[in-house]
Structure formats: C-alpha cells, structure tokens
Amino acid sequence: MKKITIIITLLASMLIIAACGDSGSGTPTAGGATGGAGDAPVATEGRTLRVWSFTDEVERHEVIFRGMHPDINVEFAITDLDGGGYEEWVLTTLAAGGAAVPDVIYLEAAIVRSFVEGPFLMDLSDLLPLAEALETYQFVLDIGTYDGEARAFSWQATPGAMFYRRSFAEQIFGTDDPDTIQNYFRDIPTALDSARRIRDESNGSMFFTNHFGAFNMPFNANRSNPWIVDNNIYVDPIMHDFIDFAYTVRHEGLDAQVSNWSPEWFSSMSDEFTDIAGNPLSIFSYMLPTWGLAHVIYANHGPHTFGDWALIPGPLPYQWGGTWIGVPRAANNPDLGRLFVESLALNPEFMANWALGVYTHEYLLQIDPTLHSGVFQGGGDFVSSAAVVRDITDQFDGTEIYHFLGGQNPYEIFGVAAPLLDLSLIQAADSTIQAAFGEAVDLYVDGLNTREEAMAFFEQNVRMAMPWLN
C-alpha cells in the first residue's frame with residue numbers, strides 16, 4: 001500500500017517535470033565516444049557519470065565501463081531493494097529533480113514497469129537498430145518498452161527451466177536422459193502423473209517439487225490476457241487452472257511444503273533435508289531461471305551431488321527476474337547515460353565476455369589496481385542477444401558448469417527457451433496483483449478459506465491497493 005501511494009504521488013510530480021521538457025533529448029556535443037546509433041561523438045574527458053543500483057553487479061559494470069572509456073569518471077551508489085527502499089529513494093529523487101538525479105538507474109524485474117510506464121525515463125528508441133543487429137530477445141525489449149518508446153534495455157535474459165537430480169530420475173524413471181525426462185514433464189497433466197509416480201515409487205520420501213508456489217510464475221507467464229483489461233481486473237482462465245494445480249499438488253502430497261528461499265529449500269539441494277523424525281526426504285526438481293543455476297543450485301549443492309544435476313524446459317515456458325537500465329529524463333548527463341546503456345546492454349563484446357567469465361578479478365585489476373578482491377564476474381550468465389548466444393554456446397562445452405550438469409550445456413537449453421517467451425502482457429501493477437493472488441491461493445490450499453472466500457480476499461486486497469480499478 002505504501003509503495004503504491006508513493007508511486008501515485010510521484011507520478012503526478014513527474015508529469016509536471018515531463019511537461020517542462022525532456023532534458024535527455026539534447027544533442028550530444030562533439031568529440032569523444034559515440035553516444036548512440038547515428039549520434040555525433042560524446043565529449044567525455046573529465047566528466048562524471050552517476051549510476052544508481054540495487055545490485056552489486058554495478059561494481060563490475062563501472063570498472064568495465066571505465067576500461068572502455070577511461071576518460072569518464074564513474075560514481076555509483078547501491079541501495080537494497082528490501083522494503084521498497086531503493087524504489088522510494090529513486091522516485092523521490094526523480095520527483096525533486098536537480099543535481100541529485102543520477103544519469104543511469106538499474107531496475108529490477110518487479111519494479112521496472114513502474115518506471116517504464118511512468119514519465120521517468122528517456123526515450124532510447126534510436127538505439128533499437130543496435131538491438132535488432134544483436135537479435136535481442138523480444139521479451140527483453142517488451143519489458144523496457146511502453147507507448148512506442150524503448151525506455152530501458154538489459155544485457156541479460158532470464159528464461160526459466162526445470163532442474164532435476166539425475167540419480168532420482170534413474171531411480172524413478174529408469175533413465176536420467178534429459179530428452180526422455182522432458183517427455184515425462186512436457187505439460188501440466190503429464191507432469192502431475194509423473195509427480196504421482198515419484199511419490200508412489202519413493203514411498204512418499206521424494207517430492208516432485210518443493211512447493212506448488214514454484215509454479216505460480218510459469219502459469220502467470222502463459223496468460224492470454226493481462227491482469228488489467230479496460231480498467232477491470234481480469235483473472236485469466238490459466239490462473240484458475242493454477243488454483244486447481246496448487247490444490248492437487250498439496251492435497252495429493254506431491255510437494256514438500258518448502259517455500260523458496262527458506263533454509264529447508266537450500267539444504268534440500270545438498271541432501272540435508274529430513275522430516276521431523278530425522279528421516280531423509282528428497283526433492284526431485286526445482287523451478288528456477290538462468291541465474292538459479294550458478295547462484296542457487298550450484299552455490300548450495302553438496303559435494304556428492306556435483307554432476308548429478310540436469311535441466312529441461314519443463315511443462316511451461318516462463319521468465320523470472322532480470323535487471324534493466326535506463327536514463328532518467330531529468331539526468332544531468334543524459335549523453336553519458338545513453339553511452340553507458342549502449343556500452344553494456346547493446347555491446348556484443350561485453351555480453352560475450354560477461355557470459356564466458358572473462359571479467360575475472362585479475363582482468364578488472366588491470367583497469368583498477370585498487371579494486372577489492374570480491375569484485376569479479378563468473379561465467380554462465382545468460383545474455384539478451386540471440387546472436388551472441390549462438391556465437392558462444394559451444395564454448396560452454398567442457399566447462400565446470402557443463403560437468404556440474406552431468407555433461408549438459410545450459411546455454412543450449414536456455415537458447416531454445418528464450419525465443420518462446422512472450423511478455424507483451426506485462427503491466428506495472430503485475431507484481432502487486434500477483435502477490436495478492438498468490439496469498440489468496442495459499443489460503444485456499446491451506447484450508448483457511450473456501451475457494452470463493454479466497455477470491456473475495458483477493459478482490460478486497462486489489463481494491464485496497466488500487467481503488468481506481470473495477
């Protein structure tokens with residue numbers, strides 16, 4: 001509620017700012033680096049670029065950018081997303097205007113549409129030829145585009161997948177082959193049948209998934225209609241299917257009732273998950289996107305599980321997370337901000353190096369000898385350019401992450417999944433509505449509400465958060 005109120009108030013303020021003119025539309029001055037597709041060069045010497053972020057990725061980005069443009073000073077600041085702190089900080093600053101406004105802002109998936117749909121960001125549509133040449137995935141462009149303007153770009157794409165344990169697949173299905181296992185989970189009805197088989201053949205000690213809520217995002221990503229249609233909340237039929245799915249999974253004992261990000265979720269990845277009596281329990285699969293491989297599963301696996309993992313597309317294509325960068329209309333150095341966006345989000349050399357782990361600490365030290373030891377980029381991040389993905393996919397063969405997946409190239413799977421994603425329905429209110437919907441489903445599945453009561457609870461929460469909707 002607080003977040004929504006802040007956005008409404010500051011939207012009004014920013015409309016006034018926007019009406020006074022777009023400070024980011026000036027022509028860059030001559031001399032220095034290129035400032036965009038077809039632009040004159042940007043004068044860069046001795047100037048300072050100010051960047052605000054919620055993620056420490058900016059620490060690597062600013063060093064890499066200084067390596068490309070050593071005559072530009074870069075100042076960056078990081079504020080945590082928790083509790084809406086980052087969003088409130090940025091919105092308040094943009095509304096106030098003046099010298100404090102940064103030249104680049106980082107935007108997480110949950111908040112990016114609030115900025116893209118508001119009067120906050122410069123139109124960067126003249127950079128679209130670069131995106132076209134890179135074959136940037138359409139869903140990445142769609143998230144950053146509104147009212148015919150491309151307002152934010154991203155260097156990464158985050159398609160989701162279904163990760164499973166090879167030894168568990170051998171135990172239940174007699175094979176760990178990804179193509180064969182995908183056939184067992186090719187759609188939701190088939191996946192439920194396979195989930196029952198996992199339960200029965202393990203005598204209830206192995207669960208198909210950690211929690212039915214892990215499938216909220218896949219169902220949500222496959223809606224045929226947006227949440228808001230003609231100022232009305234619209235619950236797409238597939239979300240009613242999700243309610244049925246959630247009820248079935250929980251009441252047939254197919255999930256471990258372990259929420260994402262809980263201690264049990266992490267411990268289960270290294271086979272340290274037990275029931276209350278200390279008996280070992282297992283989770284067959286996890287629904288996670290690209291970043292979940294390196295930063296969740298790989299980071300939390302037990303030594304004996306190395307090489308025992310695999311991934312498949314699963315029953316539904318989906319996307320989870322990601323970071324976009326944009327230039328505020330009120331930026332003091334919009335030409336430098338555009339250059340930053342172009343240098344990272346639309347630069348094939350940067351994306352290839354970022355994905356392949358070229359930016360080691362030793363590499364970055366050559367740019368900045370004072371860099372502390374924790375700043376480096378490991379390989380594996382999936383990038384937003386289909387052209388770059390094609391060029392570098394075979395370079396993941398034989399890498400550590402390849403062997404972690406039992407001889408499977410993750411870029412091949414994600415490269416197939418990314419073009420299937422369609423996020424053209426995304427709206428600024430999605431995260432608020434989806435959270436309310438998920439809470440209502442929990443109440444129903446946990447037996448605290450009837451289905452009708454749960455939907456009434458959902459409606460009430462949406463009315464409170466967004467009273468202007470029908």
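How many residues apart are phenylalanine 350 and tryptophan 354 in helix H15? I looked this up before anything else, keeping in mind that the model is predicted. They are 4 residues apart in H15, which spans residues 348–356, so about one helical turn separates them.

**Entry: aromatic rings.** I got a count of 41 aromatic pairs. For phenylalanine 350 and tryptophan 354, I found ring centres 5.4 Å apart and planes at 35 degrees, so I logged the pair as tilted. Phenylalanine 350 has 1% relative accessibility and so counts as buried. Tryptophan 354, at 0%, counts as buried too. I also noted a cluster linked by ring pairs, whose members include Tyr164, Phe173, Tyr184, Phe208 and Phe284.

**Entry: arginine 165.** I checked what lies under the charged end of this residue. It sits over the ring of phenylalanine 168, 4.5 Å from the ring's centre. The charged end of arginine 165 also sits over the ring of tryptophan 309, with 5.4 Å to the centre.

**Entry: helix H13.** Which residues of H13 (290–300) are buried? I wrote down Thr290, Gly292, Leu293, Val296 and Ile297. Looking down the axis of H13, I saw these buried residues fall within an arc of 135 degrees, so they line one face of the helix. On the face turned away from the buried side I found His295 and Ala299, both exposed. Then I asked what covers the buried residues of H13. The cover includes strands S8 (160–165), S13 (285–289) and S14 (309–312), along with helices H12 (263–268), H18 (400–404) and H19.

**Entry: helix H19.** That list sent me to H19, residues 410–417, where Pro410, Tyr411, Ile413, Phe414 and Ala417 are buried. Down the axis of H19 the buried residues keep within an arc of 160 degrees, so they too line one face of their helix. At the N-terminal end I found asparagine 409 as the cap of H19, a side-chain oxygen lying 2.9 Å from the backbone nitrogen of tyrosine 411.

**Entry: threonine 190.** I placed this residue in helix H9, residues 188–201. Is threonine 190 buried or exposed? Its relative accessibility is 15%, so it counts as buried, the cut-off being under 20%. Setting aside neighbours within four places in sequence, I found threonine 190 in contact with Asn183 and Tyr184. I also took the C-alpha separation from threonine 190 to serine 125: 43 Å, for two residues 65 apart along the chain.

Methods
Residues numbered from 1 in each chain as written. Predicted model: local features only at pLDDT ≥ 70, side-chain atom pairs only at ≥ 80, totals over all residues. Heavy atoms only, no water. Buried < 20%, exposed > 50% of the residue type's maximum accessible area, 1.4 Å probe, protein only. Helix = DSSP H or I, 4+ residues; strand = E, 2+ residues; numbered from the N terminus. Arc of directions from axis to C-beta. Polar contact = N/O pair within 3.5 Å; in protein donor to acceptor, adjacent residues only side chain to side chain. Contact = heavy atoms within 4.5 Å. Phe/Tyr/Trp six-rings, centres within 6.5 Å; stacked < 30°, edge-to-face > 60°. Lys NZ or Arg CZ within 6 Å of the ring centre and 35° of its normal.
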